[in-house]
Amino acid sequence: MTLPDIQAIADLTAKFLGLSIRPKAEIKKTRRGTALTHRGTFSIPEWALKRGEDYVTYYTIHEVCHFYAGGIHHGPLFKKVEDRALANWGLYIERKK
């Protein structure tokens, strides 16, 4: 998957969520992804690209969900928004309890 592919997923997800911003995607050599809502950017770690298209799609959607409502973290609202966005792509996750 390429950066333009990731950006397209991010743009469509942002539109689906009704975001006024279209977060800009970056691929970085980092341990984990980040969503910098104040800068309008998010990153996907380079290693994630080796895990396949579904995983990168999930990771992209996850990071874009952080931009919802001006910036949210991993609480109940985030999980609800993320589940809705993932379902829009035909993806579902099982969360650890």
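**Exercise 1.** Does E82 count as buried or exposed, and at what relative accessibility?

Solution. The model is predicted, so local features need pLDDT of at least 70, side-chain atom pairs count only at pLDDT 80 or more, and totals for chains, interfaces and linings use all residues. Residues are numbered from 1 along each chain as its sequence is written, and side-chain values use heavy atoms, with hydrogens and water left out. Buried means under 20% relative accessible area, exposed over 50%, and partly exposed in between (1.4 Å probe, protein chains only). E82 has 2% relative accessibility and therefore counts as buried.

**Exercise 2.** Find the salt bridges that R95 makes with E82 and D83.

Solution. A salt bridge is a side-chain nitrogen of Lys or Arg within 4 Å of a carboxyl oxygen of Asp or Glu.
- Step 1: R95 meets E82 at 2.4 Å, N to O. R95 lies in the segment after α3 and E82 in helix α3, 13 residues apart; helices are DSSP runs (H or I, at least four residues), numbered from the N terminus.
- Step 2: R95 also meets D83, at 2.7 Å, N to O. D83 is in helix α3 too, so this pair ties together parts 12 residues apart in sequence.
- Step 3: Through shared partners, E82, D83 and R95 form one network.
- Step 4: R95, at 29%, is partly exposed, and so is D83, at 34%.

**Exercise 3.** How many salt bridges does the structure hold, and where does K28 take part?

Solution. The structure holds 3 salt bridges. K28 pairs with E26 at 3.4 Å, N to O. K28 is partly exposed at 33%, whereas E26 is buried at 19%.

Notes:
Helices (H or I, at least four residues) and strands (E, at least two) are DSSP runs, numbered from the N terminus.
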